[in-house]
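I opened the model to look up a few residues. Here are my notes, in the order I made them.

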Amino acid sequence: MSRIFGAVRQNGYVVRDIHSAMKHWIEVMGVGPWYYMDRVKTDWFCHRGENSAVEMSIALANSGDLQIELIQQRNDAPSLYREFLESGHEGLQHMSYWSHDYQALYDRALGLGYRIGHEGQIGGDKGRFAYFDTQAHPGTVIEISDISGTKGPFFEKVRQAALSWDGTRPIREVGGGR
């Protein structure tokens, strides 16, 4: 439990091949089902204060109450994901904390001196997320995510699916996909 952000709700892995990563998590780790989004549509995305046209694929599954996120960036747009890969890393990149009072948590973090690495929005004004520039050690980037909009119920759907998953339909495409 972070005294600043609360409980870790998600571990985010930046990978070069999301399909191979899902296969590993399914076959080796026994984690699923995966909710796969081939191309995530962001309302907006900024890297270090500048607009960036990042394109990414995301897959989500749960292991108990912990959500596992796999992210594969699909272009060369500036982002912390790209920086992570270019520094020779692949794997755990961030831990995410979720909030129903996103703006208060965001303002608190900035007031404590945290700096934004990248941030964006998915699915409207209650779909914001921010990654703070805390990547001095791989796997320790801090993300905060607003779950007061549609993201919260979707994350709960992913968690519930994992509770009774029997191994069938290990990958479930969201939003059409490929």
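My entries on a loop residue and some backbone angles follow.

**Ground rules.** I am working with a predicted model, in which local features need pLDDT of at least 70, side-chain atom pairs count only at pLDDT 80 or more, and totals for chains, interfaces and linings use all residues. Residues are numbered from 1 along each chain as its sequence is written, and side-chain values use heavy atoms, with hydrogens and water left out.

**Glu90.** I found Glu90 in the loop between helix H2 (80-86) and strand E7 (91-99). Helices (H or I, at least four residues) and strands (E, at least two) are DSSP runs, numbered from the N terminus. Glu90 is partly exposed, at 47% relative accessible area. Buried means under 20%, exposed over 50%, and partly exposed in between (1.4 Å probe, protein chains only).

I then listed contacts (heavy atoms within 4.5 Å). Beyond its neighbours within four places in sequence, Glu90 touches Val14, Val15, Arg16, Asp17, Phe84 and Leu85. Its side chain reaches the backbone nitrogen of Arg16 at 2.7 Å.

**Backbone angles.** Most residues other than glycine have a negative phi, and most peptide bonds are trans. I looked for exceptions.

Arg48 has a positive phi, near 50°. I placed Arg48 in the loop between strand E3 (44-47) and strand E4 (50-51). Arg48 is partly exposed, at 36%.

Arg169 also has a positive phi, near 45°. Arg169 sits in the loop between helix H4 (151-163) and strand E11 (171-173). Arg169 is exposed, at 56%.

The peptide bond from Gly32 to Pro33 is cis, with omega near -5°. I found Pro33 in the loop between helix H1 (18-27) and strand E2 (34-37).

Key. A polar contact is a pair of N or O atoms within 3.5 Å; within protein, one must be able to donate a hydrogen and the other to accept it, and residues adjacent in sequence count only if both atoms are side-chain atoms.
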